[in-house]
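Thanks for coming, everyone. I would like to take a few minutes to walk through one structure with you, so please have a look at it before I go on.

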Amino acid sequence: MIDTTLIEIRWHGRGGQGAVTSAELLAKAAINEGKYAHAFPSFGPERRGAPVLAFVRISSQQSIKIRAEITQPDIVVVLDPGLLRIVNVTSGLKTNGMVIINTKKQAEQLRQEFNINHLLVTIDATSIARQILGVPITNTTMVGALIRATGVVKLESLFDPLSHRFGHLAERNIDAMKKAYQETVVKE
Amino acid sequence: MTKRVGIEISQAIGEAVKLANIDVVASYPITPQTHIVEHIAELVADGELDAAYIAVESEHSAMSACLGASAVGARAFTASAGQGLELMHEVLYVASSMRLPVVMAVTNRALSSPLSVWGDHSDAMAVRDTGWIQIFTENGQEVVDNVLCAFRIGEDQRVLLPVMIHLDGFHLSHMIEPIYMPEQSEVDKFIPPYQHPLPLNPDKPITMGAFGPPFIYSETKKAQEVNLTAAKEVILQCWKEFASIFKRYYHPVETYHSEGAKVLLLTMGSFSETAMIAIDTMRKEGKNVGLVKLRLWRPFPFYEIRQAVSHAEVLIVLDRALSFGGPAGPVCSEIKAALYNEDKKPKIISFVGGLGGRDITPDGFGEIIDRGIEISRTGSQQEFEMYGVRG
């Protein structure tokens, strides 16, 4: 199982998809639970559409001193299935780590196509986001999937950060997150 | 009760500036600027902070506007970084020599070329001699606390000097982490109102920044030097009082497992925290190593540095900036100068690393320390080594 003293999560997305926002919301939720956490983007002047990274560390034990980018994550979250062809998303992922992918495909198909040997969790986040938000922005949806698959924070802990971040759009984002939470499939 | 919030450090600086109830902020909001002034602009626009936000046409103008504001007795703040800080360079000297306590958060970034917005201390080193009080920070809490302290220190009638709070670009500026935000009532008590003893006032005309011919220029510079050096006592007092209210402690030089350690590593800024992890690991392996962290950069804490390292055999200094063609990294040069006349002093080994946003991991710090120990035994043909560089 994942070592709970320090959980390291790496988000893969494209500029504009909200990977950085996902990381931010998750860290804020963990902090609101009284945990230690931090979140930061891959540093640099990112452009819309370009592959981007965001990072979260969570510890319930001690303050987090390391600030280097995460190269050996416990969990990888992929917001855009198209990235699988151009980025090695499982690079450095711990052997007992988990990868959570937004995809319409079945897990087995992905496993074979991209040679994924880690615990794999799939969710059709784009469809949920289109249906509930009206746009294919999957950041909040993927947070729901992550929480279902890992339990790193409580689902309710996201409500407050989401409300602050999205204002009048918060309710729909919370709905998208909840739907993803319900629909996420975890298979060994 | 203070609140523990998850917040981006740049935004937290905006909140701290709001707590300090500034009157004027002037800024040029384009890269390499950060969310600091963006958040302050929001606070002003939303009516949460009653301050004048002056959107100027360059960083040079940002500092100039802050000077004018400070000279009439307004509390002025700005933020800058990297190339922006370089552009305001000449005005920085004017702030300190006219005794105007502007506070500036500097997000430390590399300098061009090649174009880089990533973090290192090149910009900070280039403004070393501008006469500002300069404090380095390791995490978001330290940034917020020291921004608050900066107003109190700078505006103290015994000081009246501008203050820079340095925070590492990205590794701090773009990090969301838990920070205890003080209450407004506590801050109001901690920072008294700013009163310049001789402000610009049309009813009582004075001249600031007049000509200083040879018969007086040296005397003004001596006064400035005496003033900045003497500011250290006020800084110490401020940190002491801060600790009594907020229970967080700051010192010009801070140490981590340095007591009795034969080998010491010296760092500045956010890399200190990562280095602490390396020190923990090496001590578990039975290595007698410790860490010294330089917080107060100007005025330089000679006494505290000598105290902190005198017992060590080897002192390894990591700089995040280069002094091209120079004797060592810029921080290391100063450490060497501070210790040269001491009878008992460690061998000093200079490393430069973490340039332009290059991470140094805990293992990387382990390598630096091991290599430093090796050089201390074998000697080296080089004045300093660059860590982790190809070619």
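Let me begin with a question: are H11(B) and H12(B) roughly parallel or roughly perpendicular to each other? Please keep in mind throughout that what we are looking at is a predicted model. Helix H11 of chain B, residues 302-309, packs with helix H12 of chain B, residues 330-339, at an angle of about 85 degrees, and their axes are 10 Å apart. Since angles from 65 to 115 degrees count as roughly perpendicular, H11(B) and H12(B) are therefore roughly perpendicular to each other. On the H11(B) side the contact is made by B:Phe302, B:Ile305, B:Arg306 and B:Val309, while H12(B) contributes B:Ile335, B:Ala338 and B:Leu339.

Now to the interface between the chains. The size of an interface is often given as the accessible area lost when the parts come together. Between chain B and chain A that area is about 1,800 Å², with carbon and sulfur atoms giving 63% of it. Of the area that chain B buries against chain A, 31% is supplied by B:Arg4, B:Met175 and B:Ile176, which is more than any other three residues supply.

Over all chains, the whole structure has 31 salt bridges. Within chain A, A:Asp80 forms a salt bridge with A:Arg14, their closest N and O atoms being 2.9 Å apart. Because A:Asp80 lies in the loop between strands E4 and E5 of chain A, and A:Arg14 in strand E1, this pair ties together parts that are 66 residues apart in sequence.

Finally, the backbone. Most residues other than glycine have a negative phi, and most peptide bonds are trans. In chain B, a cis peptide bond joins B:Ser112 and B:Ser113, with omega about -5 degrees, and the bond from B:Ser113 to B:Pro114 is also cis, with omega near 0 degrees. B:Phe170, in the loop between strands E7 and E8 of chain B, has a positive phi, near 65 degrees.

Methods:
Residues numbered from 1 in each chain as written. Chains lettered and ligands numbered in written order. Predicted model: local features only at pLDDT ≥ 70, side-chain atom pairs only at ≥ 80, totals over all residues. Heavy atoms only, no water. Buried area = accessible area lost by both parts, 1.4 Å probe. Axes fitted to C-alpha atoms, helices over the stretch in contact; angles between N-to-C directions. Helix = DSSP H or I, 4+ residues; strand = E, 2+ residues; numbered from the N terminus. Parallel < 35°, antiparallel > 145°, perpendicular 65-115°, else oblique. Contact = heavy atoms within 4.5 Å. Salt bridge = Lys/Arg side-chain N within 4 Å of Asp/Glu carboxyl O.
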